[in-house]
Amino acid sequence: MRGKIIEELNIGDTAYFEKTITETDVYLYAGITGDLNPAHINQKEAEISMFKGRIAHGMLSAGLISAVLGMYLPGPGTIYLGQELKFLAPVRIGDTVKATVEIIEINNEKNRVKLKTTCTNQDDIVVLDGIATVMPPRAKK
């Protein structure tokens, strides 16, 4: 199974992945990364924060972008080279996050693609915005 090679890609192509963020997701992410910030795992502490309750790790939402790039567009075999991110709104446990990517630039010579990356919640609020740079898989010779 391989993703699309650069010749199969077009500016404007889009793909997405959607997931409801659970308490288990937040605790697993905290354990895997070691990020035990009370904003994520301590309800009492989080209630006195600017968010007035627990929020998911920003990078958990960003990880959904990786799922789109690695599984759908360009897909399997894609190498993730870079990502610019802006976190615009909190994601709370129970929110459904939709990670969408859109091809905005193709460099055939260098086999590089730039994609607009956006995560929205169930209310269509943009929670994360950015630009990814990837190297799609090459054709087998």
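In this predicted model, Glu84 is exposed, with a relative accessible area of 55%, a value that places the residue in that class because exposed means over 50%. Glu84 belongs to strand β2, which covers residues 79–87. When residues up to four places away in sequence are left aside, Glu84 touches Asp129, Gly130 and Ile131. Between Glu84 and Leu60, which stand 24 residues apart along the chain, the separation of the C-alpha atoms is 15 Å.

The chain as a whole contains four helices and five strands, and its elements follow the order β-α-α-α-α-β-β-β-β from the N terminus on. The C-alpha trace spans about 55 × 25 × 20 Å along its principal axes. Of the contacts in the chain with a separation of 6 or more, 66% are accounted for by residues 24 or more positions apart. Buried residues make up 37% of the 141 residues, while the accessible surface of the chain comes to about 8,100 Å², with 53% of that surface belonging to carbon and sulfur atoms.

With regard to aromatic rings, the structure holds zero aromatic pairs.

Key:
Residues numbered from 1 in each chain as written. Predicted model: local features only at pLDDT ≥ 70, side-chain atom pairs only at ≥ 80, totals over all residues. Heavy atoms only, no water. Phe/Tyr/Trp six-rings, centres within 6.5 Å; stacked < 30°, edge-to-face > 60°. Helix = DSSP H or I, 4+ residues; strand = E, 2+ residues; numbered from the N terminus. Buried < 20%, exposed > 50% of the residue type's maximum accessible area, 1.4 Å probe, protein only. Contact = heavy atoms within 4.5 Å. Areas by Shrake-Rupley, 256 points an atom, 1.4 Å probe, with all protein chains shown as cover.
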